[in-house]
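Student: I've got the model open. Can we go through the labels one by one and check what each rests on?

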Amino acid sequence: PLTPTQPMYLFATKTDVNGEYTIVAPPGTYILQAMAQGYMPMWYDQIRQADSATRIVLGTANVTGIDFTLNTGGIISGTVRMTGGAAVRGARVSIFFDKTTNPPFPHNTVNGVVTDDNGAYAIPGLVTGKYIVVAQKDGFVLQFYSMASDLTQAKKVDVTEGLTTTGIDFELGTLPGVSGTVSDQASGLPIPKAEIWVSSSSQRF
């Protein structure tokens, strides 16, 4: 059976350009949640968790005035650069909610964005707590904040709702590569679109 903290979403809609919405459903008792990219999700009536949400009883008449106000919560921002200082465009910066020290907020467990042309990023919509931040891109060494190579060494970032935690920066090193050619043994002509696979020399299936 479902618990109040694990609601089943039955119906959904989106707001229009004026932020207005109408959602239709059979008569019954419901809880409503509003969520949007870059904002903290909110249950009606301005409640964070589903089990405390105000119930809406829908009969044969419309129910109006079920309004939500969303805020951007806390924000983590910074830049991603290569070793040497050049900006890394299109790097993926992800955050993980540290559940060992924070209460569970399932909609904020993980989030992420891509860096812009200047290597800058900002991740909004975060509840107060501690987060683990990681940056990665193909061809670069994955890095946890701050300058850590694995999760166990990551420095946790403190976030407070309504404030921006700045300076969460990364400096990514490039990965070494292997290059060569693939050609036809008989003719010596190159073979286009040949696939090259890499496996660990110490692992076998």
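Tutor: Let's start with a definition: strands are DSSP runs of E with at least two residues, numbered from the N terminus. T160 sits in the loop between β11 and β12 (164-165). Keep in mind that this is a predicted model.

Student: How many helices and strands does the protein chain have?

Tutor: Zero helices and 13 strands. Read along the sequence, the pattern is β-β-β-β-β-β-β-β-β-β-β-β-β.

Student: Back to T160, then. Why is T160 called partly exposed?

Tutor: Its relative accessibility is 38%. Buried means under 20% and exposed means over 50%, with partly exposed in between, so T160 at 38% counts as partly exposed.

Student: What is T160 in contact with, leaving aside neighbours within four places in sequence?

Tutor: G74 and T128. The C-alpha atoms of T160 and T128 are separated by 4.4 Å, while the two residues are 32 apart along the chain.

Student: And what makes S77 buried?

Tutor: S77, in strand β5, has a relative accessibility of 13%. The cut-off for buried is under 20%, so S77 at 13% counts as buried. Beyond four places in sequence, S77 touches Y121, A122, T164, T165, T166, G167 and I168.

Student: What share of the protein chain is buried?

Tutor: Buried residues are 29% of the 205 in the chain. The accessible surface comes to about 13800 Å², and 55% of that belongs to carbon and sulfur atoms.

Student: Which residues touch the most other members in the largest nonpolar core?

Tutor: I76, V80, Y121, V133 and F170, out of 23 residues in that core. The elements giving two or more residues to this core are β5 (74-82), β6 (92-97), β8 (120-126), β9 (129-136), β11 (157-159) and β13 (170-172). Another core lies apart from it, with eight residues, among them A34, Y44, L58 and F68.

Student: What does V80 touch, not counting residues up to four places away?

Tutor: A87, V88, A91, V93, T115, G119, Y121, A135, F170 and L172. For the whole chain, among contacts with a separation of 6 or more, residues 24 or more positions apart account for 64%.

Student: Now the rings. How many aromatic pairs does a search of the whole structure find?

Tutor: Four. One of them is F11 with Y30, at 6.2 Å centre to centre and 75° between the planes.

Student: What makes the F11 and Y30 pair edge-to-face?

Tutor: Centres within 6.5 Å make a pair, and planes over 60 degrees apart count as edge-to-face. F11 and Y30 have 6.2 Å and 75°, and the pair is edge-to-face. F11 is in the segment before β1 (28-30) and Y30 in strand β1, 19 residues apart.

Student: Are F11 and Y30 buried or partly exposed?

Tutor: F11 has 39% relative accessibility, so F11 counts as partly exposed. Y30 has 18%, so Y30 counts as buried.

Student: Why is the pair of Y21 and F68 called tilted?

Tutor: The planes of Y21 and F68 are at 50°, with centres 6.5 Å apart. Under 30 degrees would be stacked and over 60 edge-to-face, so at 50° this pair is tilted. Y21 lies in the segment before β1 and F68 in the loop between β4 (56-58) and β5, so the pair ties together parts 47 residues apart in sequence. Y21, Y44 and F68 form one aromatic cluster.

Note on methods:
Residues are numbered from 1 along each chain as its sequence is written. This is a predicted model: local features need pLDDT of at least 70, side-chain atom pairs count only at pLDDT 80 or more; totals for chains, interfaces and linings use all residues. Side-chain values use heavy atoms; hydrogens and water are left out. A nonpolar core is a set of buried Ala, Val, Leu, Ile, Met, Phe, Trp, Tyr and Cys residues joined through side-chain atoms within 4.5 Å. Buried means under 20% relative accessible area, exposed over 50%, partly exposed in between (1.4 Å probe, protein chains only). Helices (H or I, at least four residues) and strands (E, at least two) are DSSP runs, numbered from the N terminus. Contact means heavy atoms within 4.5 Å. Accessible areas come from the Shrake-Rupley method with a 1.4 Å probe; for residues, only the protein chains shown count as cover. Rings of Phe, Tyr and Trp (its six-membered ring) pair if their centres lie within 6.5 Å; planes under 30 degrees apart count as stacked, over 60 as edge-to-face and the rest as tilted.
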